[in-house]
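This report looks at the ligand site and the pockets of the structure shown here.

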Amino acid sequence: MKKIVVFSGAGISAESGLKTFRDNNGLWENYKIMDVATPEAWEKQPQTVLEFYNLRRKQVVDALPNSAHFCLAELEAFFNVQIITQNIDDLHERAGSSNVLHLHGEILKSRSTKTGAIQKINGAMLNLGDLCSKNSQLRPDVVWFGEAVPNMLLAEELCKDADILIIVGTSLAVYPAANIIDYIPEKCSTYLVDPNKIDLNNMKNLTVINKKASIGIPILAKILVDK
Ligand code: APR
């Protein structure tokens with residue numbers, strides 16, 4: 001079976017009702033992203049940070065996977081599919097994808113600020129005073145701007161034997177995440193699915209499908225399966 005690596009971003013969940021980051025000029029439900037998604041924000045106003053992620057967590061729980069998520073899961077019948085996502089929602093998993101690696105964490109999990117221990121909290125709200133077993137404050141298991149991306153090396157390794165790369169719903173504006181596309185082999189065929197223009201000028205073997213994910217991914221899946 002050929003190996004497909006899918007590199008996804010907020011755009012694949014846009015049609016599930018979850019806002020992207022750069023389509024709302026850095027605003028998200030009237031929060032400035034940089035005021036709530038950084039270690040400095042956590043130091044200064046932890047309850048505001050917790051409220052921001054509580055709101056996003058509720059929206060993730062209420063959201064449903066869309067046809068793009070389901071179509072990628074169905075590709076597992078024909079290919080070895082590895083999802084590498086920047087998204088903190090669980091829509092790929094809920095659509096049935098078996099191999100999903102999150103680069104920026106998972107909003108349905110909490111992390112101890114003392115031990116780093118991670119726990120599934122699903123839709124539960126996190127507030128000041130919610131402590132881990134070692135009595136330290138719990139935070140969302142999300143990678144904030146300026147923090148290390150623990151799964152980066154694993155993501156780079158997963159790209160090295162890809163036969164096909166699908167880039168969907170990401171502006172490729174955030175590093176080091178966007179660097180993973182540099183780790184695919186020379187011979188790899190790359191497909192970009194995005195309704196807007198994304199600059200991938202020096203990308204070899206590139207096919208662009210300028211469509212929303214719910215339309216573009218099914219079109220691409222048919223191309224790949226029929227090949
Ligand atoms: N289908 C496909 N792509 C879409 C759709 C759609 N329906 N709607 C928007 N897009 C595209 C936009 O054109 C853009 O290229 O999705 C991309 C969204 O880009 P961003 O908002 O920058 O999201 P993303 O690339 O995932 O951001 C990366 O930045 O804020 C941090 O940690 C956060 O993981 C996030 C990272």
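How far does a polar side-chain atom of Asn196 lie from an oxygen atom of the ligand? In this predicted model, where local features need pLDDT of at least 70 and side-chain atom pairs count only at pLDDT 80 or more, totals for chains, interfaces and linings use all residues. Residues are numbered from 1 along each chain as its sequence is written, and side-chain values use heavy atoms, with hydrogens and water left out.

The distance for Asn196 is 2.7 Å, and the table sets it beside two other polar contacts (pairs of N or O atoms within 3.5 Å).

| Residue | Atom of the residue | Distance to a ligand oxygen atom |
|---|---|---|
| Asn196 | polar side-chain atom | 2.7 Å |
| Asp194 | polar side-chain atom | 2.7 Å |
| Ala10 | backbone N or O atom | 2.8 Å |

The protein covers 93% of the 730 Å² of accessible area that the ligand has on its own, as computed by the Shrake-Rupley method with a 1.4 Å probe. Around the ligand are 22 residues, of which Arg22, Thr170, Ser171, Asp194 and Asn196 come nearest, a residue being near if one of its heavy atoms lies within 4 Å.

The ligand takes the space of the largest pocket, which holds about 930 Å³. Its lining comprises 48 residues, with Gly9, Ala10, Phe21, Arg22 and Asn87 nearest the centre, and α4 gives the largest share, four residues. By contrast, the second largest pocket holds about 350 Å³ and is lined by 17 residues, among them Ile181 and Lys204.

Definitions and conventions: Polar contact = N/O pair within 3.5 Å; in protein donor to acceptor, adjacent residues only side chain to side chain. 1 Å grid on protein atoms, 1.4 Å probe; cavity = no way out; pocket = protein on both sides within 12 Å on 5 of 7 lines; lining within 4 Å. Sits in = over half its atoms within 2 Å of the grid points. Points joined across faces, edges and corners; volume = space filled by probe spheres on them. Helix = DSSP H or I, 4+ residues; strand = E, 2+ residues; numbered from the N terminus.
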